[in-house]
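Hi,

Here is the structure I promised to pass on.

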Amino acid sequence: MKIKRPLYLDRLKRRLNNGMVKVITGLRRSGKSYLLNELFCDWLKKEGTDSNHIIKFAFDSAKDLKKIGEDLISLQKEKRMVSPEKFLNYIDKKIKDKKKYYLLLDEIQELGNFESVLNGYLRADNLDIYVTGSNSKFLSKDVLTEFEGRGDEIHIFPLSFSEFMSAHKGDKSEAFDEYMLYGGLPALASMPSDEQKIAYLNTLLSQTYLKDITSRHNLDSDSDMTDLLDILASGMATLVNPSKLKDTFKSVKKSTLSDITINNYIQHLLEAYMINVAKRYDVKGKRYINTPYKIYFEDVGLRNARLNFRQYEPSHLMENIIYNELRLRGYNVDVGVVELRTKENSKDIRKMLEIDFIANLGSKRFYIQSSYEIPDKDKMIQEERPFLNTKDSFKKILLVNSSIKPRYDENGILIMGVKEFLLDPNSLNL
């Protein structure tokens with residue numbers, strides 16, 4: 001099944017021939033290779049690029065490695081990287097003139113001294129370079145700086161709800177229910193049964209993501225990491241910090257882990273793009289509050305699979321999906337805190353109200369609340385109260401699960417259905 005991913009394709013188009021290494025990052029199995037080798041390659045050809053000037057090479061492909069005299073099985077047995085000399089010789093033979101060549105390099109972290117190789121190619125005027133990789137060292141900001149300020153990152157997410165809908169045969173309500181349950185990893189779109197989807201997600205968790213982290217960071221086992229992931233999944237979209245997590249380990253798992261170890265494990269999960277951290281921001285004080293923070297999952301299907309689909313919480317899942325959508329659209333996203341001072345029985349009372357998300361992009365700012373259900377007026381007052389106490393004029397949006405036509409209420413707050421928000425790329429500007 002061929003799913004169009006126009007947002008990412010457009011981001012690659014805008015970076016064409018910009019003199020930088022285009023680095024496509026993201027969760028494993030989120031579609032990085034498909035974007036580069038299928039969608040972008042097809043677009044280059046449609047734009048008139050000669051096939052001989054598009055050089056594709058996957059460093060985890062036995063067929064491609066054979067072209068340069070390397071053997072995949074031998075590399076794995078010997079635990080060594082692909083020879084940079086062999087690869088350089090192969091590319092040299094491919095470049096036969098001074099016209100523009102496009103290098104599409106997949107799983108670049110398997111190439112020895114890849115930073116030096118790519119930096120060398122940056123000095124060639126007729127090469128435009130695009131790479132993907134799955135190694136946390138490769139995906140870190142430190143490696144992007146290795147390209148002497150000429151590394152340009154394009155982060156790819158699992159399928160958005162809009163992309164998911166393009167491959168779904170049911171209506172948007174049915175699609176949203178399935179999306180909240182199984183998430184948006186592209187391979188799921190072609191799996192007809194629940195059994196297949198569940199097995200796929202569980203296999204990825206145990207055999208790919210957690211195994212990668214354990215190997216990459218030389219952990220003795222993945223038991224503590226899996227326990228932490230269980231706790232984070234169970235407490236998704238709630239406030240946590242390493243100290244609180246340490247207490248949970250002690251009381252629930254009967255295990256003792258230090259704050260430092262827990263923080264390191266969270267960093268490992270962040271590097272693998274399994275989770276994200278949303279910091280709290282004091283709207284009136286105009287400052288960040290370092291802890292506690294909220295944890296969201298890059299893919300809600302993986303979160304549900306981690307808990308064996310037992311702890312299905314629509315309100316938190318909807319919140320997580322909105323968070324991912326805002327990041328997908330390029331916004332920096334924080335959790336808002338609004339201080340409210342009142343008097344009760346002649347006593348000064350200080351309350352901290354929460355806005356689910358503050359989305360910032362340049363001079364733009366949006367305040368967004370996620371509410372799965374609003375059964376009565378009291379709930380509506382509760383949701384809008386933080387908005388009304390910001391005392392500023394930035395746009396305020398309340399997202400609900402019901403499919404309703406976007407409308408403004410008497411307080412100037414835009415209310416719309418979450419599915420309508422997700423399906424319309426311009427929904428924030430209505």
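Ser83 sits in the loop that links helix H4 (72-78) to helix H5 (84-94); helices here are DSSP runs of H or I with at least four residues, strands are E runs of at least two, and both are numbered from the N terminus. Ser83 is buried, at a relative accessible area of 16%. (Buried is under 20% relative accessible area, exposed is over 50%, and partly exposed is in between, with a 1.4 Å probe and protein chains only.) Not counting residues up to four places away in sequence, Ser83 touches Glu70 and Leu111, where contact means heavy atoms within 4.5 Å.

Before you dig in: this is a predicted model, so local features need pLDDT of at least 70 and side-chain atom pairs count only at pLDDT 80 or more, while totals for chains, interfaces and linings use all residues. Residues are numbered from 1 along each chain as its sequence is written, and side-chain values use heavy atoms, with hydrogens and water left out.

Thr49 is another loop residue to look at, found between helix H2 (32-46) and strand E2 (54-58). Thr49 is buried too, with a relative accessible area of 18%. Setting aside neighbours within four places in sequence, its contacts are Leu44, Ile54 and Tyr102.

Now the cores. A nonpolar core is a set of buried Ala, Val, Leu, Ile, Met, Phe, Trp, Tyr and Cys residues joined through side-chain atoms within 4.5 Å. The largest one has 69 residues, and those touching the most other members are Leu185, Leu228, Leu269, Met274, Ile322, Leu326 and Ile368. Helix H11 (residues 194-216) gives the most to this core, with seven residues. Apart from it lies another core of 27 residues, including Val21 and Leu144. As for Met274, leaving aside neighbours within four places in sequence, its contacts include Leu27, Leu205, Phe297 and Glu298.

On the whole-protein side, there are 18 helices and 14 strands. The radius of gyration is 24 Å, close to the 22 Å that the globule rule gives for 430 residues, so the protein is as compact as a globular protein of that length. (That radius is taken over C-alpha atoms, and the rule is 2.2 Å times the number of residues to the power 0.38.) The C-alpha trace spans about 85 × 50 × 45 Å along its principal axes. Buried residues make up 51% of the 430. Of contacts between residues at least 6 apart in sequence, 66% join residues at least 24 apart.

Cheers
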